[in-house]
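Here is a short note to read alongside the model. Please keep the structure open and find each residue as it comes up.

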Amino acid sequence: MDQLLSVTSEIGTLKRLLVHSPDSGLGKVVPSKAQDWLFEDIVHLDTIRKDEYDYYTKLLLYFLDPEKINGKLSAIDDPASDRSFYKPCHPSFFQSDKVIELEWLLASILDSHEIRVKLVASVCAIEGCTYRVQQELLNYTPNDLAKTFITGSSTDKHLLFAPIPNFIFTRDIGITIKDHLLLNKPAKKARTREALLAKYIFFHHPFFEKWKHNIIELTDSHHGFLLPKDDDDRKMTLEGGDIMVVSDNHVLVGVSERTSSEAAARITNILFEKNIVEKVTIIKIPKKRDYMHIDTVFTQVKRDVWVMLGNFSRKAIRQEDANAIERVLEIKKEEKIKILQFHKKQPHHPITFESLEDLLTDVSKNDLHCEGEVQFIFSGNNEFPYNAREQWTDSCNLLALKEGVVLGYDRNDKTTEAFRNAGFRIVYAKELLQQLDAGKVIIDEISNTLILMPSAELSRARGGFHCMSLPLWREPLQ
């Protein structure tokens, strides 16, 4: 296998990533448990698979591993195939080493008796299983056991423990920083099993053998065990949606509802001690479910183009729309954001930025050497109430397949309009796939494009394509 771990930007051409297709666990989310399992709503499994996420898989394969799919769409989509192309346990599974399915990796490591024994014991311990269930699981095939670990269901369809429906958000289990892999420490109990499964995959799968010494794990601080339950900032919690590698020497770290200040400080110190980067910028956003991670309020489109929520723009922070009295009373003041940039050589003298727009402009100009004006595309075209509505359905959570070519949801109409006004071509995933299959469009010639994905059910899960991807390898920016 060629290069596996190398990410030095948010927009370099994507060459390899980890994903997880919606599994039957999503179909077991019930209203009474939805919020405990971090869902705002319940989704229709058949629709989220066949009519939405499958388009994502096919597009990723066309861009990253075209040999697996080129000219095969009609056979793949044939109802008689019963989606076998997408099922890791099926002989017809696409089995790509570029668009890598987590369940496939998990089943692979469970071939080892030693790993199977350890992981069964670990899962049964955290899920409170009986000894009898533990012994029964040891007799499962690797494919069946992998499926049970993810969906919570036994081979005879009984629910042994809760599903992990958030496993589709692979960004949050870890993040690639240059040639290192930072593992998460989830803030919510619902994601504990995800972190365990991911750890076993990264430390035991042959794909990652060469980089085992480059895996970074965060441990709880010694005083963390004794802290009261509500002292969240002192706890060590981290999710990958709060980490962005914006250049080969600069990482952004969010402090949010899911990532603590303690974790942000620890990450910064580790990155400096290991000489991985020269700069770390910590962005403290309001701890609101609306925002969750920093990648729900902004993502990068090109070197000099960003999509973001207008609440954190210069205009909003400075209350430029307010009159003198409103400004003094802070009537139109948006939520507070605090941005501190630490440099390895002078960690005691951080640089502050007034607004998110100021920081991202600085990244474009000083890290990525853009000479012209930096362009911002705002959620909902910065029009109330569409800005908030569309941010909620992940208008700012876009995945760059390469610089200027990004995936987003088709339901965010005002944001799409803002992209069109900014000179981007708008194309629907279904149409693009047909054109690619017919040879009418060449991947290398696609530029400045927003690809719109069907999203009626996916958007209910509260995460966009940035959340549903863990890039392992991006080509460096020239």
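This is a predicted model: local features need pLDDT of at least 70, side-chain atom pairs count only at pLDDT 80 or more; totals for chains, interfaces and linings use all residues.

1. Two packed helices are described by the angle between their axes and the distance between the axes. For H3 (residues 102-109) and H7 (residues 192-204), the axes come within 10 Å and cross at roughly 65 degrees. Angles of 65 to 115 degrees count as roughly perpendicular, so H3 and H7 are roughly perpendicular to each other. Their crossing is left-handed.

2. How do the axes of H3 and H6 cross? They come within 8 Å, at an angle of roughly 125 degrees. That value makes H3 oblique to H6, and the crossing is right-handed.

3. On the H3 side, the residues that meet H6 are Glu103, Leu106 and Ala107. Their partners in H6 are Pro142, Asn143, Ala146, Lys147, Phe149 and Ile150. This contact of H3 with H6 is made up of 6 nonpolar, 1 polar and 2 charged residues.

4. Is H3 mostly covered or mostly open? Mostly covered: 7 of its 8 residues are buried. They are Leu102, Glu103, Trp104, Leu105, Leu106, Ala107 and Ile109. The cover over these buried residues includes strand E1 (14-19), strand E2 (99-101), helix H4 (113-127), helix H6 (142-151) and H7.

5. Glu103 itself is among the buried residues of H3.

6. His20 sits in the loop between E1 and helix H1 (45-64). Is His20 buried or exposed? Buried means under 20% relative accessible area, and His20 has 1% relative accessibility, so it counts as buried. Its side chain is joined to that of Asp23 by a polar contact of 2.6 Å.

7. Which residues does His20 touch, leaving aside its neighbours within four places in sequence? The contacts are Tyr53, Glu101, Leu102, Glu103, Ile150, Phe167, Ile168 and Thr170.

8. Asn275 is found in the loop between helix H8 (261-273) and strand E8 (279-284). Exposed means over 50% relative accessible area, so Asn275, at 54%, is exposed. Lys344 lies 69 residues away along the chain, yet the C-alpha atoms of Asn275 and Lys344 are separated by 8.5 Å. The side chains of Asn275 and Lys344 make a polar contact of 2.8 Å.

9. Gly128 is in the loop between H4 and helix H5 (131-137). With a relative accessibility of 62%, Gly128 counts as exposed. Gly128 and Leu160 are 32 residues apart in sequence, and their C-alpha atoms are 9.8 Å apart in space.

Terms used. Residues are numbered from 1 along each chain as its sequence is written. Side-chain values use heavy atoms; hydrogens and water are left out. Helices (H or I, at least four residues) and strands (E, at least two) are DSSP runs, numbered from the N terminus. Buried means under 20% relative accessible area, exposed over 50%, partly exposed in between (1.4 Å probe, protein chains only). A polar contact is a pair of N or O atoms within 3.5 Å; within protein, one must be able to donate a hydrogen and the other to accept it, and residues adjacent in sequence count only if both atoms are side-chain atoms. Axes are lines fitted to C-alpha atoms, for helices over the stretch in contact, and angles run from 0 to 180 degrees between N-to-C directions. Angles under 35 degrees count as roughly parallel, over 145 as roughly antiparallel, 65 to 115 as roughly perpendicular and the rest as oblique. A crossing is left-handed if the near helix is turned anticlockwise from the far one by less than a right angle, and right-handed if clockwise. Contact means heavy atoms within 4.5 Å. Ala, Val, Leu, Ile, Met, Phe, Trp, Tyr, Cys and Pro count as nonpolar, Asp, Glu, Lys and Arg as charged, and the others, Gly among them, as polar.
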